[in-house]
Amino acid sequence: MKLEMDIKLEKKSLNRFLLYHNYVRFSGVAGVVISLAAAVVLAVKWDFWTQPQRVMLLVLALLFTVLQPLILISKGRNQLSMEEFKIPFHYSFDETGISISQKDQKQEFTWEDVRKIVFRKDSMYVYMSTVSAFIIPKDQCGNQFEELVSLAKSKTKK
């Protein structure tokens with residue numbers, strides 16, 4: 001079985017990946033907990049804090065719940081403005097692995113090269129390292145997404 005598709009990374013898919021990737025890890029969860037704790041402490045003990053302390057707690061409360069997501073979205077926008085992301089990537093998945101090509105460049109990976117795959121309802125993230133992944137949005141796979149998920153699951157069982 002060979003599945004082929006052209007994927008042009010879009011803002012919505014990249015933003016979802018960036019937010020997922022950053023907030024599913026321990027540091028992301030810890031950041032949100034810290035921000036929420038700062039917001040609760042600020043609200044409950046408002047009169048206890050001086051003006052500079054209130055400002056500091058407010059910044060801390062907004063840091064991981066508002067500011068970091070905005071920074072991630074901005075980085076994603078900058079990434080999508082790069083020339084290589086304006087042209088679709090051609091993906092080919094088969095029993096032996098994954099092939100990705102764009103213009104005259106081509107990379108091939110075996111299924112053993114894949115670090116992990118995250119299956120989401122609207123996309124699939126194929127991690128080749130701890131920090132980067134190929135984003136395969138469901139809406140760009142046509143009717144092949146379920147077949148692709150089945151193939152990937154069967155090839156990456158550990």
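Q: Is Glu 95 buried, partly exposed or exposed here?
A: In this predicted model, Glu 95 counts as partly exposed, at a relative accessibility of 39%.

Q: Which side chain does Glu 95 meet in a salt bridge?
A: The side chain of Glu 95 meets that of Lys 155 in a salt bridge, with 2.9 Å from N to O. The two residues come from distant parts of the chain, 60 residues apart, since Lys 155 belongs to helix H4 while Glu 95 lies in the loop between strand E2 (89-93) and strand E3 (97-102). Lys 155 is itself partly exposed, with a relative accessible area of 31%.

Q: And how many salt bridges are there?
A: The count comes to four salt bridges. Among them is the one between the side chains of Asp 122 and Arg 16, at 2.0 Å from N to O. Asp 122 sits in the loop between E5 and E6 and Arg 16 in helix H1, so this pair ties together parts that lie 106 residues apart in sequence. Arg 16 is partly exposed, its relative accessible area being 40%.

Q: What about Glu 108 and Lys 106, buried or exposed?
A: Both Glu 108 and Lys 106 are exposed, and their side chains meet in a salt bridge of 3.3 Å, N to O.

Q: Switching to the sheet: in what order do E5, E6 and E7 come?
A: The three strands form an open sheet in the order E5-E6-E7, and the pairing is antiparallel. Strand E5 (116-119) and strand E7 (133-137) are at the edges with a single partner strand each, so one side of each has no neighbour in the sheet. On average, neighbouring strands of this sheet are turned by 15° against each other, direction ignored.

Q: How many bridges join E5 to E6?
A: Four bridges join E5 to strand E6, which covers residues 123-127, and the two run antiparallel. One of the residues with a bridge partner is Phe 119, whose partner in E6 is Met 124.

Q: Which strands does helix H1 touch?
A: Helix H1 (residues 11-23) packs on the sheet and touches E5, E6 and E7, with its direction at about 60° to that of E6. Helix H4 (residues 145-155) also packs on the sheet and touches E5, E6 and E7, and its direction makes about 30° with that of E6.

Q: Where does the charged end of Lys 153 sit?
A: The charged end of Lys 153 sits over the ring of Phe 119, 5.1 Å from its centre. In another such arrangement, Lys 116 lies over the face of Tyr 127, at 4.9 Å from the ring centre.

Q: Now the aromatics, how many pairs?
A: The count comes to ten aromatic pairs. For Tyr 91 and Phe 134, the ring centres are 6.0 Å apart and the planes stand at 75°, so this pair is edge-to-face. Tyr 91 lies in strand E2 and Phe 134 in strand E7, so the pair ties together parts that are 43 residues apart in sequence. Both Tyr 91 and Phe 134 are buried.

Q: How does Phe 109 pair with Phe 134?
A: Phe 109 and Phe 134 form a tilted aromatic pair, 5.8 Å centre to centre and with 50° between the planes. Phe 109 lies in strand E4 (residues 105-110) and Phe 134 in strand E7, so this pair ties together parts 25 residues apart in sequence. Phe 109 is buried, as is Phe 134.

Q: Which residues do the ring pairs link into a cluster?
A: Ring pairs link Phe 85, Phe 89, Tyr 91, Phe 93, Phe 109, Trp 111 and Phe 134 into a cluster.

Notes: Residues numbered from 1 in each chain as written. Predicted model: local features only at pLDDT ≥ 70, side-chain atom pairs only at ≥ 80, totals over all residues. Heavy atoms only, no water. Pairing = 2+ DSSP bridges. Axes fitted to C-alpha atoms, helices over the stretch in contact; angles between N-to-C directions. Contact = heavy atoms within 4.5 Å. Buried < 20%, exposed > 50% of the residue type's maximum accessible area, 1.4 Å probe, protein only. Phe/Tyr/Trp six-rings, centres within 6.5 Å; stacked < 30°, edge-to-face > 60°. Lys NZ or Arg CZ within 6 Å of the ring centre and 35° of its normal.
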